[in-house]
Amino acid sequence: FPEPKRERHFSDDELARIGAALAAMEREGVILPGAARLIRILALTGMRLGEALGLRWAWIDAQAACIRLPDAKAGARAVPLGIPALAYLVSLERIGPFVCHGIEADKPIGSKTFRRAWSELVKRTGIVGARPHDFRHTTGTFAAATGANAFIIRDLMGHKTLAMTGKYVGRTIDPLR
């Protein structure tokens with residue numbers, strides 16, 4: 001059973017809808033703070049869901065503007081933080097060792113808990129087929145749209161090979177213009 005190829009990234013409009021729905025869910029108190037944090041971190045960094053689920057405060061190096069992951073899919077890596085991502089992380093209240101804590105402050109948010117929150121968010125946005133991993137594709141695609149070369153995007157995404165990076169970068173002609 002071959003896996004269907006997915007080359008989906010969020011448009012500016014979809015990102016705005018996600019942001020508006022997330023803010024509404026927070027106002028209504030229907031999303032755990034850890035789930036809301038996780039969604040924003042995925043959107044701002046392009047991290048893998050598994051990397052962000054267990055994100056610890058101790059791994060955030062604000063001076064170097066990066067997250068130092070001791071163990072990721074391709075080994076230890078530093079996730080660069082742009083100004084918006086760094087400002088967001090610095091603004092958060094630290095409760096327990098995990099950035100995206102669950103109901104209990106000393107435990108990370110669970111995958112199932114996050115998936116329920118994500119499903120509700122997607123339902124509210126009306127975006128068909130949206131997955132958390134699409135933030136990763138969006139990061140790669142937007143980086144390519146700025147004219148970043150494949151080596152920079154590879155390092156940004158934490159890939160070992162340029163071939164893998166090519167799968168994440170949407171086709172865009174903006175840099176050619």
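Predicted model: local features only at pLDDT ≥ 70, side-chain atom pairs only at ≥ 80, totals over all residues.
Trp118 belongs to helix H5 (residues 111-125) and Phe135 to helix H6 (residues 134-145), so the pair ties together parts that are 17 residues apart in sequence. Trp118 has a relative accessibility of 5% and therefore counts as buried. Phe135, at 2% relative accessibility, likewise counts as buried. Both residues take part in one aromatic cluster, which is formed by Phe10, Phe114, Trp118 and Phe135.

The chain as a whole contains eight helices and three strands. Read from the N terminus, its elements follow the order α-α-α-β-β-β-α-α-α-α-α. Of the 177 residues in the chain, 41% are buried. When contacts between residues at least 6 apart in sequence are considered, 59% of them join residues at least 24 apart. The accessible surface of the chain amounts to about 9,800 Å², and carbon and sulfur atoms account for 58% of that surface.

The three strands form an open sheet in the order E1-E2-E3, with antiparallel pairing. E1 and E3 are the edge strands, each of which pairs on one side only. Strands of a sheet pair through backbone hydrogen bonds, in either a parallel or an antiparallel sense. Strand E1 (residues 60-61) is joined to strand E2 (residues 66-69) by two bridges, and these strands run antiparallel. Within this pairing, Asp61 is placed opposite Cys66 of E2. Four residues separate the strands in the hairpin of E1 and E2, where Ala65 adopts a positive phi near 55 degrees. On the other pairing of the sheet, E2 and strand E3 (residues 77-80) are connected in the antiparallel sense over four bridges. Here Arg68 stands opposite Ala78 of E3, while Ile67 has Val79 of E3 as its bridge partner.

In soluble globular proteins, nonpolar side chains tend to be buried together.

Charged side chains contribute 12 salt bridges to the structure. Among them, Asp134 is bridged to Arg131, with the closest N and O atoms 2.8 Å apart. Asp134 has a relative accessible area of 0% and is therefore buried, whereas Arg131, with a relative accessible area of 21%, is partly exposed. These two residues belong to a network of salt bridges that links Arg8, Glu14, Arg131 and Asp134.

Another salt bridge connects Glu120 with Lys123, with 3.3 Å between the closest N and O atoms. Both residues lie in helix H5, three residues apart, about one turn of the helix. Glu120 counts as partly exposed at 25% relative accessibility. Lys123, at 61%, lies over the 50% limit and therefore counts as exposed. A further bridge is formed by Glu104 and Lys107, in which the closest N and O atoms are 3.5 Å apart. Glu104 is partly exposed, with a relative accessible area of 44%, and Lys107 is also partly exposed, with a relative accessible area of 43%.

Note on methods:
Residues numbered from 1 in each chain as written. Heavy atoms only, no water. Buried < 20%, exposed > 50% of the residue type's maximum accessible area, 1.4 Å probe, protein only. Phe/Tyr/Trp six-rings, centres within 6.5 Å; stacked < 30°, edge-to-face > 60°. Pairing = 2+ DSSP bridges. Salt bridge = Lys/Arg side-chain N within 4 Å of Asp/Glu carboxyl O. Contact = heavy atoms within 4.5 Å. Areas by Shrake-Rupley, 256 points an atom, 1.4 Å probe, with all protein chains shown as cover.
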